[in-house]
Amino acid sequence: MATFCRRKSRELADAKDIPGSHTYELLCNQLWALLPSFCNNPKDISDSFKMMARVLGSVLKDNPEFRSSVMAGLRKLISSAEIEEDKLELAKYAKNYVPILLNVYMTPAKGNTAEGQRLAALDTIQVYLTISDQSLRQELFDNSVKQLETSENNHFQRESILDIIRILVLYQNSAQIANLFEKWVYPLCETVLENPKNQKKAKKNEIEENKENGKMEADVQQTKLRHKDKARLIEMEHKKAYRILEEIFKSESESCKEFLKESYKKIKKLLMTSLNKVADSSKAPRLRCIEHFISLSAPNLSADSKLLKSAIAEAVICTKDINSKCRQCAFNLISTIGNVLKTRDGGMTAYIEMLEAGLSAPLPRVVGATIRALASALFNLSEDMGLTIVQELLEKMAAQMLNTNREIVAAAMSFLKVYTKVIPKDVIAGSLPLIFRTLSCMNEDCKRHSRVEIGYFLSRMTRKFGAETVEKLIPREDEVMLRRLRNIRKIDNRKKRMKDGQRDQEADSDDNLHVKGVSKTLEDILKDSDSELEEMEERPKAKAKKGRSQAWIQDDPENIVDLADMSSSRKITATDPKQKKKSMEEKSQKKKDGGFRTAADGRLIISDEAFDGDDDDDDDTKPSGDIDTDTDDTDDEGKEKPSKLLKTGAKRKYDDILSIKSGKTARSRASTATVVSKYKAGGKGIHRPLSSAASVTSAGTDYRSKKAKGDIKKKGKPDPYTYLPLSRKNLNKRKKAVTTQQFKGIVKSKTKAKLKFKK
């Protein structure tokens with residue numbers, strides 16, 4: 001069917017029928033997308049696969065748009081083949097499919113889709129090799145090694161070949177693996193990146209030679225680019241070589257195990273001597289190789305082994321690497337070494353001593369990395385250390401917390417966080433005085449920098465032991481920490497009240513309860529972003545989540561929308577057609593009955609709820625629509641406020657004039673009368689008393705003489721001096737100019753009065 005749709009689409013395209021051609025092309029794509037589903041546990045592989053094998057091969061070769069579906073189908077067929085006959089039938093076509101897949105992977109990708117097909121082709125090759133003949137594996141391996149020799153400066157081709165060798169080496173004998181290790185893996189791992197200083201000198205010499213030979217500047221620029229490309233090529237080869245060695249370590253085949261036994265000393269030499277030669281991108285696979293090697297040779301290792309000491313030194317440095325995978329590999333290696341040494345006599349003490357060696361380093365970065373390594377060891381091996389070792393570690397971390405370097409103090413606070421997570425409550429209780437005494441004596445700059453971690457520790461100790469116990473342990477001189485403890489207590493009490501309220505509301509339904517999971521890894525504990533800390537420090541307002549945009553298709557049961565049609569976009573709407581239809585029916589029903597419900601016999605049902613807003617005794621006041629008054633329409637109409645602008649006997653005449661001009665009767669005038677609001681103004685902003693603005697008089701007007709100029713004294717009142725009220729507004733920096741001008745005016749008037757008096 002897919003082939004027929006493909007042919008029909010081309011015929012319609014030649015006939016200039018673009019919509020029809022597009023429709024058949026969509027059908028063809030959808031039919032090929034169904035192939036992986038048909039390959040789920042089929043029962044007729046040995047009988048039916050030969051009929052479609054040729055079609056699948058041609059599609060892999062000539063139709064890139066269908067490759068992903070075909071490769072997914074092949075992987076499912078191979079993984080679901082349990083009968084030996086089915087495996088033999090699929091393996092028969094390996095010599096046809098694997099070269100096509102190799103060509104797909106060796107072709108440079110243009111775009112994300114093509115890159116995804118390349119990776120899928122490599123996965124399919126890896127799966128197909130599990131059922132292929134040994135002769136085919138051998139032939140592909142030999143050809144790959146030969147191509148590796150010829151592609152010296154081609155970065156992409158060299159990278160692709162090394163990936164193919166990585167999946168083919170597992171099926172070779174020990175002699176071939178040893179030959180690959182001697183000829184390629186060991187030299188690539190030992191390759192040293194060129195020193196930047198020597199590289200600059202080489203560039204200068206090369207430029208001078210080019211000028212003497214008369215070469216153009218463009219040629220010199222190409223020479224510069226070749227140096228960068230060479231550095232990138234060496235980094236890539238480092239990583240791929242360690243990945244090949246890692247695959248050999250992980251393999252369960254007898255040939256790989258035999259090679260590891262025969263080449264034990266060479267591999268040990270490589271892993272111990274190439275620390276300074278490794279590239280940044282290959283640190284993670286190198287650490288994994290060291291971990292596998294230590295696990296392999298665990299019975300022969302002791303606390304004095306040079307391999308363990310060099311491995312711990314490298315792992316400690318890598319705990320501060322920028323790559324998260326490298327950091328995780330470093331923590332895993334530290335844990336593996338601890339598991340090896342904990343079975344030896346005095347091994348755990350020697351293990352901690354090896355880790356503590358970095359605390360005396362002059363670089364803060366190395367000291368911080370050492371503290372993180374000790375935190376990792378405490379997290380994984382706290383039960384094997386013993387109480388004495390744990391207490392000694394805590395005392396040393398307390399000494400590091402008094403350091404003036406931020407990086408070291410932050411690492412020590414991370415150790416303290418792990419300590420409170422892992423160590424039992426009874427042991428923590430005995431060490432609390434030391435911890436709080438150390439926190440109070442910390443450097444002020446470091447304490448401010450680590451305030452989030454300190455807040456986390458205070459909150460955790462408050463939940464464990466109670467706020468009163470923690471408050472007794474904090475020195476009286478540390479007022480900041482006491483204040484933070486009080487704030488934490490308030491926050492915890494507020495959370496408790498909120499949880500109790502939610503528990504009362506959701507007592508019947510358990511589905512809506514969200515339980516916070518407990519951290520199980522070291523990275524989770526050492527994360528700086530903690531929800532509790534964010535609430536204590538910032539407590540930002542929660543933003544409402546934006547709903548996902550949805551779309552509906554307007555169709556009828558009789559006429560289904562054809563998405564391939566050009567006019568189908570008119571049938572797509574952003575509103576739900578059912579809700580729209582329902583709202584339209586409700587609106588039409590309201591128009592019919594005038595907004596009132598009707599009984600079965602045709603009577604109108606009018607409830608009093610519609611008039612609740614007009615009651616005189618309604619307490620819920622609403623703002624008036626009158627912009628000139630401060631009254632409210634929902635208040636009592638009987639309480640009319642007399643206007644100050646009218647005289648006492650003029651109100652009746654004013655009302656008569658109003659009724660004549662507007663044509664209103666006495667009854668209608670009652671509804672238009674000014675209504676007095678129950679609301680009393682007071683406060684700031686929109687609640688300020690607006691009427692008070694007109695009645696405010698300037699200071700000192702009560703003392704002005706009506707008969708002459710100047711002020712007079714009044715009995716029982718202060719002397720007529722200018723008294724300036726003190727207000728908090730005078731402290732506002734933005735209003736400083738206004739306040740200053742006010743005092744300047746007073747001083748100026750006083751100076752003028754003195755001069756006039758002297759004259």
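Is Asn41 buried or exposed in this predicted model? Asn41 counts as exposed, because its relative accessibility is 52% and the cut-off for exposed is over 50%.

**Figure 1. Overview of the predicted chain and its confidence.** The secondary structure of the chain comes to 34 helices and 4 strands. Of its 759 residues, 34% are buried. Among contacts between residues at least 6 apart in sequence, 65% join residues at least 24 apart. The mean pLDDT of the chain is 78, and 72% of the residues reach 70 or more. In the stretch 610-676 the pLDDT is below 50, and the model gives this stretch 45 contacts beyond near neighbours in sequence.

Figure 2. Most residues other than glycine have a negative phi. With a relative accessibility of 69%, Lys16 counts as exposed.

Figure 3. Helix H6 spans residues 84-91, and its buried residues are Asp86, Glu89, Leu90 and Ala91.

**Figure 4. Gly116 in helix H8.** Helix H8 covers residues 112-128 and includes Gly116. Gly116 counts as partly exposed, because its relative accessibility is 38%, which falls between the 20% limit for buried and the 50% limit for exposed. Ser68 is 48 residues from Gly116 along the chain, and the C-alpha atoms of the two are separated by 8.5 Å.

**Figure 5. Lys283 in helix H16.** Helix H16 runs over residues 283-296, and Lys283 is part of it. Which residues does Lys283 contact, leaving aside its neighbours within four places in sequence? They are Val278, Cys318, Asp321 and Cys326. Lys283 has a relative accessible area of 18% and is therefore buried, the cut-off being under 20%.

**Figure 6. Gly358 in the loop that leads from helix H19 to helix H20.** Gly358 is found between helix H19 (347-356) and helix H20. The relative accessible area of Gly358 is 15%, so this glycine is buried. Leaving aside neighbours within four places in sequence, Gly358 is in contact with Val366, Val367 and Thr370. Ile317 is 41 residues from Gly358 in sequence, and the C-alpha to C-alpha distance is 9.4 Å.

**Figure 7. The crossing of helices H18 and H20.** The axes of H18 (residues 324-341) and H20 (residues 364-385) come within 10 Å and cross at roughly 55°. That angle makes H18 oblique to H20. The crossing is right-handed. From H18, the contact residues are Phe331, Ile334, Ser335, Gly338 and Asn339; from H20, they are Arg372, Ala373, Ser376, Asn380 and Leu381. By type, the residues of this contact divide into 4 nonpolar, 5 polar and 1 charged.

**Figure 8. The pairing of helices H20 and H22.** The axes of H20 and H22 (residues 406-422) come within 8 Å and cross at roughly 5°. The two helices are therefore roughly parallel to each other, as the limit for that class is under 35 degrees. On the H20 side the contact is made by Pro364, Arg365, Val367, Gly368, Ile371, Leu374, Ala375, Leu378, Phe379 and Ser382. On the H22 side it is made by Glu407, Ile408, Ala411, Ala412, Phe415, Val418, Tyr419 and Val422. The residues of this contact divide into 14 nonpolar, 2 polar and 2 charged. One of the H20 residues here, Val367, is also among the contacts of Gly358.

Note on methods:
Residues numbered from 1 in each chain as written. Predicted model: local features only at pLDDT ≥ 70, side-chain atom pairs only at ≥ 80, totals over all residues. Heavy atoms only, no water. Axes fitted to C-alpha atoms, helices over the stretch in contact; angles between N-to-C directions. Parallel < 35°, antiparallel > 145°, perpendicular 65-115°, else oblique. Left-handed = near helix turned anticlockwise from the far one by under 90°. Contact = heavy atoms within 4.5 Å. Nonpolar A, V, L, I, M, F, W, Y, C, P; charged D, E, K, R; others polar. pLDDT = per-residue confidence, 0-100. Buried < 20%, exposed > 50% of the residue type's maximum accessible area, 1.4 Å probe, protein only.
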